[in-house]
Amino acid sequence: MKTEPDAFSFDDLKACPQKTEPWDGIRNYQARNLMRDDMKKGDLAIFYHSQAGEETGAVGLATIAKEAYPDHTSWDPKSKYHDPKSSPDNVRWLMVDVKWKQDFKQLVSLQTMKAEKALEGMRVTMRGQRLSIQPVEAKHFKKVCQMGGLTKAQIDKLGV
DNA sequence: GCCAACGTTGGC
DNA sequence: GCCAACGTTGGC
(Lines give C-alpha, C1' and ligand atoms only; values in the text may rest on other atoms or scores of the structure.)
Protein backbone atom coordinates (compact mmCIF):
# COMPACT_ATOMS: atom_id res chain seq x y z
CA MET A 1 0.00 0.00 0.00
CA LYS A 2 1.44 3.30 -1.12
CA THR A 3 1.19 6.61 0.60
CA GLU A 4 2.93 9.93 0.39
CA PRO A 5 4.51 10.38 3.81
CA ASP A 6 3.90 14.13 3.65
CA ALA A 7 0.19 13.33 3.64
CA PHE A 8 0.17 10.21 5.80
CA SER A 9 3.25 8.30 6.90
CA PHE A 10 4.00 4.99 8.54
CA ASP A 11 4.79 6.88 11.73
CA ASP A 12 1.36 8.47 11.57
CA LEU A 13 -0.15 5.01 11.31
CA LYS A 14 1.86 3.85 14.29
CA ALA A 15 0.79 6.86 16.30
CA CYS A 16 -2.88 7.00 15.43
CA PRO A 17 -5.25 6.62 18.36
CA GLN A 18 -6.72 3.13 18.21
CA LYS A 19 -3.93 2.12 15.90
CA THR A 20 -6.34 1.55 13.07
CA GLU A 21 -6.78 3.92 10.19
CA PRO A 22 -9.47 4.06 7.51
CA TRP A 23 -7.78 3.94 4.11
CA ASP A 24 -10.06 6.48 2.49
CA GLY A 25 -9.75 8.34 -0.76
CA ILE A 26 -8.98 5.46 -3.11
CA ARG A 27 -10.53 6.55 -6.42
CA ASN A 28 -9.24 3.96 -8.81
CA TYR A 29 -11.27 0.94 -9.82
CA GLN A 30 -8.40 -1.52 -9.90
CA ALA A 31 -7.31 -0.50 -6.42
CA ARG A 32 -10.89 -0.61 -5.18
CA ASN A 33 -11.40 -4.08 -6.59
CA LEU A 34 -8.24 -5.31 -4.93
CA MET A 35 -9.52 -4.07 -1.58
CA ARG A 36 -12.93 -5.58 -2.19
CA ASP A 37 -11.86 -8.95 -3.58
CA ASP A 38 -8.44 -9.70 -2.21
CA MET A 39 -8.03 -8.05 1.17
CA LYS A 40 -9.19 -10.13 4.11
CA LYS A 41 -9.08 -9.27 7.76
CA GLY A 42 -5.66 -10.15 9.14
CA ASP A 43 -3.92 -9.94 5.77
CA LEU A 44 -0.56 -8.23 5.73
CA ALA A 45 0.50 -5.28 3.62
CA ILE A 46 3.86 -3.74 2.87
CA PHE A 47 3.70 -0.06 3.65
CA TYR A 48 5.35 2.04 0.97
CA HIS A 49 6.33 5.70 0.95
CA SER A 50 6.09 7.34 -2.47
CA GLN A 51 7.34 10.76 -3.55
CA ALA A 52 9.71 10.74 -0.63
CA GLY A 53 13.06 11.44 -2.29
CA GLU A 54 15.80 9.32 -0.75
CA GLU A 55 13.24 7.78 1.57
CA THR A 56 11.10 6.36 -1.22
CA GLY A 57 10.49 2.69 -0.53
CA ALA A 58 9.06 0.10 1.83
CA VAL A 59 9.15 1.03 5.50
CA GLY A 60 7.26 -1.67 7.33
CA LEU A 61 4.22 -3.89 7.64
CA ALA A 62 0.56 -3.21 8.29
CA THR A 63 -2.42 -5.48 8.93
CA ILE A 64 -5.82 -5.24 7.35
CA ALA A 65 -8.00 -4.57 10.39
CA LYS A 66 -11.34 -4.31 8.62
CA GLU A 67 -12.48 -5.57 5.24
CA ALA A 68 -13.80 -3.31 2.50
CA TYR A 69 -16.75 -1.07 3.40
CA PRO A 70 -18.23 2.09 1.90
CA ASP A 71 -15.95 5.11 1.79
CA HIS A 72 -18.26 7.77 3.17
CA THR A 73 -15.91 10.57 2.13
CA SER A 74 -17.02 9.85 -1.44
CA TRP A 75 -20.46 11.38 -0.86
CA ASP A 76 -19.34 14.14 1.46
CA PRO A 77 -19.34 17.38 -0.56
CA LYS A 78 -16.89 18.91 1.88
CA SER A 79 -14.36 16.14 1.44
CA LYS A 80 -11.46 16.52 -0.95
CA TYR A 81 -12.30 12.98 -2.03
CA HIS A 82 -15.88 13.86 -2.93
CA ASP A 83 -17.31 12.08 -5.98
CA PRO A 84 -20.72 13.40 -7.06
CA LYS A 85 -21.53 10.04 -8.61
CA SER A 86 -21.27 8.25 -5.30
CA SER A 87 -24.01 8.22 -2.67
CA PRO A 88 -25.05 6.09 0.33
CA ASP A 89 -27.60 4.41 -1.98
CA ASN A 90 -25.16 3.91 -4.77
CA VAL A 91 -21.79 3.27 -3.22
CA ARG A 92 -19.01 3.65 -5.70
CA TRP A 93 -15.91 3.64 -3.51
CA LEU A 94 -14.70 1.44 -0.69
CA MET A 95 -12.04 1.54 1.96
CA VAL A 96 -10.41 -0.84 4.41
CA ASP A 97 -9.00 -0.18 7.86
CA VAL A 98 -5.32 -0.75 8.39
CA LYS A 99 -3.27 -1.15 11.52
CA TRP A 100 0.43 -0.81 12.23
CA LYS A 101 2.15 -4.19 12.47
CA GLN A 102 5.91 -3.97 12.41
CA ASP A 103 8.72 -1.57 11.50
CA PHE A 104 11.45 -2.65 9.17
CA LYS A 105 14.88 -2.25 10.72
CA GLN A 106 15.90 -0.32 7.66
CA LEU A 107 14.25 1.28 4.67
CA VAL A 108 14.00 -0.92 1.61
CA SER A 109 14.42 1.76 -1.03
CA LEU A 110 12.81 1.50 -4.42
CA GLN A 111 16.32 1.58 -5.87
CA THR A 112 17.33 -1.46 -3.82
CA MET A 113 14.20 -3.33 -4.81
CA LYS A 114 14.79 -2.62 -8.49
CA ALA A 115 18.36 -3.88 -8.17
CA GLU A 116 17.36 -7.13 -6.43
CA LYS A 117 17.11 -10.06 -8.82
CA ALA A 118 14.77 -11.95 -6.51
CA LEU A 119 12.20 -9.16 -6.82
CA GLU A 120 12.03 -9.35 -10.58
CA GLY A 121 8.42 -9.08 -11.66
CA MET A 122 7.27 -7.33 -8.50
CA ARG A 123 4.88 -4.63 -9.63
CA VAL A 124 6.38 -1.74 -7.73
CA THR A 125 9.76 -2.25 -9.40
CA MET A 126 8.30 -2.05 -12.88
CA ARG A 127 7.99 1.21 -14.76
CA GLY A 128 4.71 2.99 -14.94
CA GLN A 129 3.20 1.28 -11.93
CA ARG A 130 1.12 4.02 -10.42
CA LEU A 131 -1.47 1.86 -8.75
CA SER A 132 -1.62 2.76 -5.06
CA ILE A 133 -2.56 -0.75 -3.98
CA GLN A 134 -0.72 -3.61 -5.58
CA PRO A 135 -0.84 -7.36 -5.05
CA VAL A 136 2.46 -8.86 -3.84
CA GLU A 137 3.51 -12.46 -4.31
CA ALA A 138 4.50 -14.34 -1.15
CA LYS A 139 8.09 -14.86 -2.28
CA HIS A 140 8.49 -11.15 -3.01
CA PHE A 141 6.78 -10.24 0.24
CA LYS A 142 9.19 -12.35 2.26
CA LYS A 143 12.19 -11.06 0.35
CA VAL A 144 11.26 -7.45 1.07
CA CYS A 145 10.87 -8.31 4.77
CA GLN A 146 14.30 -9.89 4.72
CA MET A 147 15.77 -6.82 3.01
CA GLY A 148 14.07 -4.72 5.66
CA GLY A 149 16.11 -6.50 8.29
CA LEU A 150 13.54 -8.84 9.78
CA THR A 151 14.98 -12.10 11.05
CA LYS A 152 14.02 -15.45 9.59
CA ALA A 153 12.09 -16.23 12.75
CA GLN A 154 10.18 -12.97 12.50
CA ILE A 155 9.34 -13.63 8.88
CA ASP A 156 8.23 -17.22 9.58
CA LYS A 157 6.00 -15.92 12.34
CA LEU A 158 4.13 -13.73 9.83
CA GLY A 159 2.80 -16.83 8.16
CA VAL A 160 3.03 -15.38 4.65
C1' DG B 1 9.36 20.94 -12.45
C1' DC B 2 9.40 17.57 -16.17
C1' DC B 3 7.34 13.99 -18.32
C1' DA B 4 6.12 9.00 -19.15
C1' DA B 5 2.50 6.09 -18.18
C1' DC B 6 -1.96 5.31 -18.00
C1' DG B 7 -6.83 5.91 -16.19
C1' DT B 8 -11.10 8.51 -17.14
C1' DT B 9 -14.29 11.28 -19.68
C1' DG B 10 -17.16 12.48 -23.28
C1' DG B 11 -18.09 13.49 -28.22
C1' DC B 12 -19.09 11.06 -32.10
C1' DG C 1 -17.23 1.18 -28.99
C1' DC C 2 -13.46 4.25 -30.55
C1' DC C 3 -10.27 7.58 -29.40
C1' DA C 4 -8.68 12.36 -28.45
C1' DA C 5 -8.30 15.26 -24.69
C1' DC C 6 -7.43 15.70 -20.25
C1' DG C 7 -6.09 14.65 -15.43
C1' DT C 8 -3.26 12.22 -12.10
C1' DT C 9 0.56 9.60 -10.32
C1' DG C 10 5.02 9.28 -9.08
C1' DG C 11 9.99 8.58 -10.34
C1' DC C 12 13.60 11.34 -11.47
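Reply: The account below takes the aromatic rings and then turns to the DNA.

This is a predicted model, in which local features need pLDDT of at least 70 and side-chain atom pairs count only at pLDDT 80 or more, while totals for chains, interfaces and linings use all residues. Residues are numbered from 1 along each chain as its sequence is written, chains are lettered from A and ligands numbered from 1 in the order in which they are written, and side-chain values use heavy atoms, with hydrogens and water left out.

Rings of Phe, Tyr and Trp (its six-membered ring) pair if their centres lie within 6.5 Å; planes under 30 degrees apart count as stacked, over 60 as edge-to-face and the rest as tilted. Trp23 and Phe47 make an edge-to-face pair, with 5.7 Å from centre to centre and 80° between the planes. This pair links distant parts of the chain, 24 residues apart: Trp23 is in the loop between strand 2 (20–22) and helix 2 (29–38), and Phe47 is in strand 3 (residues 44–49). Helices (H or I, at least four residues) and strands (E, at least two) are DSSP runs, numbered from the N terminus. Trp23 and Phe47 are both buried, a word that means under 20% relative accessible area, with exposed over 50% and partly exposed in between (1.4 Å probe, protein chains only). Ring pairs also join Trp23 and Phe47 with Phe8 and Phe10 in a cluster.

The rings of Tyr29 and Trp93 have centres 4.7 Å apart and planes at 35°, so this pair is tilted. Because Tyr29 lies in helix 2 and Trp93 in the loop between strand 4 (57–70) and strand 5 (94–109), the pair ties together parts 64 residues apart in sequence. Tyr29 is partly exposed at 41% relative accessibility, whereas Trp93 is buried, with a relative accessible area of 4%.

The DNA is considered next. DNA strand C is surrounded by Lys2, Tyr48, Ser50, Gln51, Thr56, Leu110, Lys114 and Arg130; a residue is near a strand if one of its heavy atoms lies within 4 Å of it. Of the atoms of DNA strand C within 4 Å of the protein, 65% belong to sugar or phosphate and the rest to bases. Phosphate oxygens of DNA strand C lie 3.3 Å from a polar side-chain atom of Lys2 and 3.0 Å from a polar backbone atom of Gln51. For Arg130, a polar side-chain atom is 2.4 Å from a base oxygen of DNA strand C.

Conventions. Polar contact = N/O pair within 3.5 Å; in protein donor to acceptor, adjacent residues only side chain to side chain.
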